[in-house]
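Work through the exercises below with the model open beside you. Try each task before reading its solution.

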Amino acid sequence: MNTFKIGGVHPEPCKLTADRKTEILPVPKQAVFPLSQHIGAPAVPCVQKGDQVLVGTRIAEPGGYMSASIHSSVSGKVAKIDTVVDASGQRKPAIFIDVEGDEWEPSIDRSDKLVLQSTKSREEIIECIKNAGIVGMGGACFPTHVKLCPPKDFSIDTLIINAVECEPYLTADHRLLLEQADQIIIGIKVILKVLGVDRAVIGIEENKPDAIALMRSKTSMVSGIEVMPLKMKYPQGSEKQLIEAVTGRQVPPPPALPASVGCVVQNVGTVFAIYEAVMKNKPLIDRIVTVTGKGLSNPCNLKVRMGTPVSDLIEYAGGMPEDTGKLISGGPMMGRPLLDDTAPVCKGTSGVLLLPEAEAARKEERNCIRCAKCVQACPMGLEPYLLATASEQSDWECAEENWIMSCIECGCCQSTCPSRRPLLDWVRLAKNRVGGIIRARNAKN
Amino acid sequence: MAQKLYISTSPHIHCGDTIERNMRWVIWALMPALFASFFVFGRGALIVTATSVASCLFFEWFITRFLLKRKSTLGDLSAVITGILLAFNLPSNMPLYMIVMGALVAIGVGKMAFGGLGNNPFNPALVGRVFLLISFPAKMTSWPVPAGLAASYIDAETGATPLNLIGQIAGGNTAAADQLPGLGELFMGNIGGCIGEVSALALLVGLAVLLLSKTITWHIPVSIISTVAVLTGIMWFVNPVLYVNPLYHLLSGGLLLGAIFMATDYVTSPMTPKGMVWYGIGIGLLTVIIRYFGSYPEGMSFAILIMNAVTPLINNWCKPKRFGEVEK
């Protein structure tokens with residue numbers, strides 16, 4: 001069975017909600033839409049305070065080529081355009097909408113009927129994806145229309161569908177595979193058409209045998225789409241590791257793109273959003289979020305309207321346990337800590353995880369004992385102990401020489417360190433500085 | 001929301017590994033060898049080991065408490081390992097005051113002078129051993145012969161070890177070959193030598209414990225052992241009269257103890273698998289050179305210390321294979 005070659009770790013899977021059918025969370029009282037939910041320029045509001053909007057009404061337009069539209073997920077009145085603290089921990093501009101009823105844009109097909117074919121051309125499909133505000137839903141939030149138009153000098157031969165879900169606790173993609181298999185396969189065909197490619201591989205880790213079996217039976221009659229079970233290892237859901245696991249090809253160091261080895265990777269959640277946008281004319285206004293944590297009385301998978309405050313999700317899952325010490329947007333390896341439960345669900349919110357206080361507090365940091373476990377764990381073949389020390393000593397040159405910009409911030413090193421050193425904190429700091437130095441150097445030349 | 005939340009960046013979970021867990025496994029892995037040496041050398045083995053561990057713990061506590069004025073680091077158990085390893089490198093009839101002096105040098109000079117665990121460039125136990133070897137060469141190079149449980153401590157009967165004999169044979173005294181114990185005796189440990197080094201079987205059990213508990217990787221022990229096997233194998237092939245069967249080299253002296261427990265010390269060994277292999281090859285090479293051409297019968301301690309010194313350079317040379325790196 002395939003997997004990536006270098007490093008990797010095996011965190012406890014903790015998939016508490018793998019068997020929980022997706023439930024629909026009621027519409028919130030107020031929905032909040034940060035204007036930066038994606039990589040690239042923030043979106044620009046195209047509504048004003050007091051405007052009436054419907055479910056699916058566009059409320060912000062792309063702020064550039066690398067940007068994405070934002071649509072209202074609720075009907076009601078624009079209460080204000082203000083700021084909100086999002087998962088980044090920073091205060092960012094956002095549109096607040098007070099909910100009144102649940103009126104949808106009439107152009108959206110809300111029926112359950114499976115739409116198999118579309119007459120749209122390649123360009124029309126890309127335009128449709130762009131208009132729907134779709135971004136990578138695995139968490140990186142890269143605008144999808146940009147990713148589907150790789151530079152012309154690369155020839156793409158393989159579309160990889162990322163259904164790995166290697167983060168512990170999260171089961172949103174797993175449920176989507178089980179509950180929307182037909183839609184996903186249509187979505188894959190749409191993307192194949194856009195890319196002009198005839199081979200797609202769905203990568204699924206072996207801990208989801210039900211999803212592997214279902215996707216296999218659904219794709220058995222479809223030529224060009226293959227299901228590939230992968231050996232469990234974190235961070236297999238990382239784009240570069242997944243490409244290597246599936247094709248054996250290694251993407252060269254940054255700034256090289258996956259397209260340089262002939263691959264485009266799309267998360268399975270993104271594929272479903274593309275189906276809905278292209279076949280049902282539905283913009284990206286909701287997503288599946290895993291609400292989980294060992295202390296929750298009712299951990300679950302919820303279909304949530306964008307902009308719903310996290311507190312609504314936790315309430316539905318049984319309320320926040322007394323001993324909660326940390327609230328995380330995303331998974332435990334790469335998710336972001338939330339300052340409180342008022343943060344809204346965004347396009348990249350794959351999960352809401354509550355950790356008990358005992359697990360949340362970091363333990364005391366000790367001397368590095370040079371056990372080399374971080375070097376063994378790093379999936380990029382880096383030396384985290386060295387990069388962290390270079391960062392502590394502000395030796396940016398040493399950090400750059402030792403490939404710091406290749407770090408994917410997966411957290412394997414820090415989660416392995418017996419001395420509990422905050423390796424990734426230091427590496428992030430140095431990455432930031434070295435990135436600035438490289439940009440300044442390139443600007444000069 | 002009533003709860004106060006921790007805000008720290010990812011990763012939010014940890015595998016649970018600790019310094020203590022790794023150290024505990026090393027201690028467990030050393031136990032079979034201690035057990036074996038008790039059966040070979042009697043109570044002397046236990047007296048020397050207990051004295052060494054107690055002195056190492058005392059000096060570490062004393063130095064952190066009164067000289068560095070820091071929180072005690074005894075809890076990390078590394079001083080216990082240094083104590084056991086120092087004892088394992090001594091003959092079982094070593095006088096107590098010498099052991100205490102060795103422990104002081106091992107902990108004081110070998111470790112704490114550099115800032116404690118993690119900062120020492122040399123294996124502390126070997127620093128202590130080499131200090132004793134230079135200070136008390138007569139005591140350090142006469143080893144009790146195996147006398148079983150009834151053996152006495154200080155006035156134990158001493159005799160030639162297999163390594164002495166191997167040296168004599170290579171020096172032309174081919175008659176010494178008749179005194180060499182059988183390979184079975186060597187494997188079980190019914191031979192003269194330092195406390196911890198005699199039983200190859202017990203040391204290999206320790207290696208299995210270390211590998212299965214993922215405390216160490218195979219790279220260092222395997223590269224040392226295979227280098228010694230290949231080099232002594234070539235010499236044996238060229239002249240089997242002067243140079244003994246390589247199995248004798250593998251099973252005698254401190255080779256296995258060094259390869260499994262001393263060279264694999266986290267702090268003083270290289271960080272990348274490739275570096276570990278080169279480090280192991282270096283140790284194997286130096287050991288064979290010292291054993292055959294040096295004036296000491298055993299070269300393991302010196303070989304490890306020399307390669308400890310080279311470790312920072314190895315870390316600079318041997319980088320891991322980077323993801324996406326194109327072969328030049």
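**Exercise 1. Find the residues that join helices H2 and H3 of chain B.**

Solution. Start on the H2(B) side: Val48(B), Thr49(B), Ser52(B), Val53(B), Cys56(B), Leu57(B) and Glu60(B) take part. They meet Ala79(B), Val80(B), Thr82(B), Gly83(B), Ile84(B), Leu86(B) and Ala87(B) in H3(B). Contact means that the C-beta atoms, placed from the backbone, lie within 7 Å. Helices are DSSP runs (H or I, at least four residues) and strands are E runs of at least two, numbered from the N terminus.

Next, sort by class. The contact of H2(B) with H3(B) has nine nonpolar, four polar and one charged residues. Here Ala, Val, Leu, Ile, Met, Phe, Trp, Tyr, Cys and Pro count as nonpolar, Asp, Glu, Lys and Arg as charged, and the others, Gly among them, as polar.

Now the geometry. The axes of H2(B) (residues 43-67) and H3(B) (residues 78-88) come within 8 Å and cross at roughly 140 degrees. Axes are lines fitted to C-alpha atoms, for helices over the stretch in contact, with angles from 0 to 180 degrees between N-to-C directions.

Before going on, note the ground rules. This is a predicted model, in which local features need pLDDT of at least 70 and side-chain atom pairs count only at pLDDT 80 or more, while totals for chains, interfaces and linings use all residues. Residues are numbered from 1 along each chain as its sequence is written, and chains are lettered from A and ligands numbered from 1 in the order in which they are written.

**Exercise 2. Describe the overall build of chain B.**

Solution. Count elements: chain B has 14 helices and two strands. Check its extent: the C-alpha trace spans about 85 × 55 × 30 Å along its principal axes. Then test the radius of gyration, taken over C-alpha atoms; the globule rule is 2.2 Å times the number of residues to the power 0.38. For 328 residues a compact globule would have a value near 20 Å, and the 21 Å of chain B agrees. Last, burial: 52% of the 328 residues are buried. A residue is buried with 20 or more other C-beta atoms within 10 Å of its own, exposed with 12 or fewer, and partly exposed in between; C-beta atoms are placed from the backbone.

**Exercise 3. Which parts of domain 1 of chain B touch domain 2?**

Solution. The contact takes 23 residues from domain 1 and 21 residues from domain 2. On the domain 1 side, H1 (19-41), H3 and H5 (124-135) of chain B each give two or more residues. H1(B) has the largest share, ten residues. By class, this side has 17 nonpolar, five polar and one charged residues.

**Exercise 4. How many residues link chains A and B?**

Solution. Take each side in turn: 32 residues of chain B are in contact with 52 residues of chain A. The chain B side has 15 nonpolar, 13 polar and four charged residues.

Definitions and conventions
Two residues are in contact if their C-beta atoms, placed from the backbone, lie within 7 Å.
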